[in-house]
Amino acid sequence: MLMTGDQYIESLRKLGTRVYMFGEKIDNWIDHPMIRPSINCVKMTYDLAHDPQYVDLMTAKSNLTGETVNRFGHLHQSTDDLRKKVKMQRLCGQKTASCFQRCVGMDAFNAVFSTTFEIDKKCGTKYHENFVEYLKYVQNNDLIVDGAMTDPKGDRGLAPHAQKDPDLFLHIKEKREDGIVVRGAKCHQTGSINSHEHLIMPTQAMGEDDKAYAVAFACPSDVEGLYMVYGRQSCDTRKMEPNADVDLGNKNFGGQEALVVFDDVFIPNDRIFLCEEHEFAGMLVERFAGYHRQSYGGCKVGVGDVIIGAAALAADYNGANKASHIKDKLIEMTHLNETLYCCGIACSAEGYPTEAGNYQIDLLLANVCKQNVTRFPYEIVRLAEDIAGGLMVTMPSSIDFNSDLEVGRNGETLAEVCNKFYAASDTCTTIERMRILRFLENICLGSSAVGYRTESMHGAGSPQAQRIMIARQGNINAKKELAKEIAGIK
Ligand code: SF4
Ligand code: FE
């Protein structure tokens, strides 16, 4: 059953998810002005699936049930599916200019599906069967699942078992006949509060000594012992100001990250997908990271489309649109943005079937994709700020632009003064000019900068993580042989 966006929001109300923010427990987090924009983003992934224009991108036929499912819950069956995934993410980025959060679950499904198949083959376990049953449940109910990988990690120089505090990596605390008890946390979890379920994976390759940390499982977001602490963002309290409107830049949408704490959570046997088979932790991490690095060649490109549009509008509104350097900067932004898209499409087109039957992306190209994402959005934002002009960070507030307070010698109001001095081209009102500049402020420096800038750097792994994979996959020795042959070296 495909839920509508409104049904999704109602379904969240039925959960007892425990959320803390600013030193308080937030009971009605669904309508909280700081959190709601991030829920609206996820809602978009439901709404678009009902829009006839986008059905082909947003939905797919499940290989498990034969039913139509949201593509965010789908196991990729071909390179065509992989390409459509990237296109869907670009679309969602265009519609929200934010992180819409649902991809972490999709990427986790595909990585856990193929990895559990290979674990079972080698170890005689039944994790794959567990996972298939779980995914059917997720697909049939059109659920949001937070695919969670990143542990707090403590001292980066020490292995999980060698940390002073054992909880700095999520681990199995107790093994029982009917399941396990887990303890620890996952950090900066995208969309965790807005998810019905959590799908937990280990954070890195693990050795024998760390086998208690090699664990994958699923649980409901409101399971006993689980709670979350909301991560704040730059300028986030603007969302709580009455009438902030224009000052918000992106009033309706935003991303979300939180600390997710597992305070002795019981996981029943049928929801366990890895339990101490430490030699498979690395495979699971590599596959999930590969998919999520592909994802960035879609989502960030969609947001980039909106930024380029906003920069072009700012140029129109400033009256600077005919200047040749402005046109050239817009070309440069487009070139950078489409280069990221090329990478997302390329690693999808070169995908291949796993032993379990779903499709994996080309790992080298996906890592190149994400490595570029750690750079190009910064240049795109630099050019957007250049085109916008300094006003994007010096404008009076939205309240001043609407204030009746008399401030001039002849009784001019604050609103009249602001509107007079910030008027520019005839193609827009002063408020429209403010709107587009505030949007750019929000995405370059404000709360959405989390999703477009810093997440571009660290989301799906920091740059060094991709360089390690590029080193591993780059096959320098084969390249040496090419050179030797042509240069006539035996
Ligand atoms: Fe999806 Fe991009 Fe957000 Fe990751 S960063 S969850 S790929 S929108
Ligand atoms: Fe992300």
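## Salt bridges in a predicted model

The side chains of Lys 84 and Asp 80 form a salt bridge, with 3.4 Å from N to O. A salt bridge here is a side-chain nitrogen of Lys or Arg within 4 Å of a carboxyl oxygen of Asp or Glu. Lys 84 and Asp 80 are four residues apart in helix α4, which puts about one helical turn between them. Helices (H or I, at least four residues) are DSSP runs, numbered from the N terminus.

This is a predicted model, in which local features need pLDDT of at least 70 and side-chain atom pairs count only at pLDDT 80 or more, while totals for chains, interfaces and linings use all residues. Residues are numbered from 1 along each chain as its sequence is written, and side-chain values use heavy atoms, with hydrogens and water left out.

Lys 84 also meets Asp 56 in a salt bridge. Lys 84 lies in helix α4 (residues 79-96) and Asp 56 in helix α3 (residues 55-58), so this pair ties together parts that are 28 residues apart in sequence.

A further salt bridge joins Lys 43 and Asp 47. Both residues belong to helix α2 (residues 36-47) and sit four residues apart, about one turn of the helix.

The table gives relative accessible areas. Buried means under 20%, exposed over 50%, and partly exposed in between (1.4 Å probe, protein chains only).

| Residue | Relative accessible area | Class |
|---|---|---|
| Lys 84 | 17% | buried |
| Asp 80 | 34% | partly exposed |
| Lys 43 | 18% | buried |
| Asp 47 | 30% | partly exposed |

By the salt-bridge rule, the count comes to 37.

Definitions and conventions
Chains lettered and ligands numbered in written order. Helix = DSSP H or I, 4+ residues; strand = E, 2+ residues; numbered from the N terminus.
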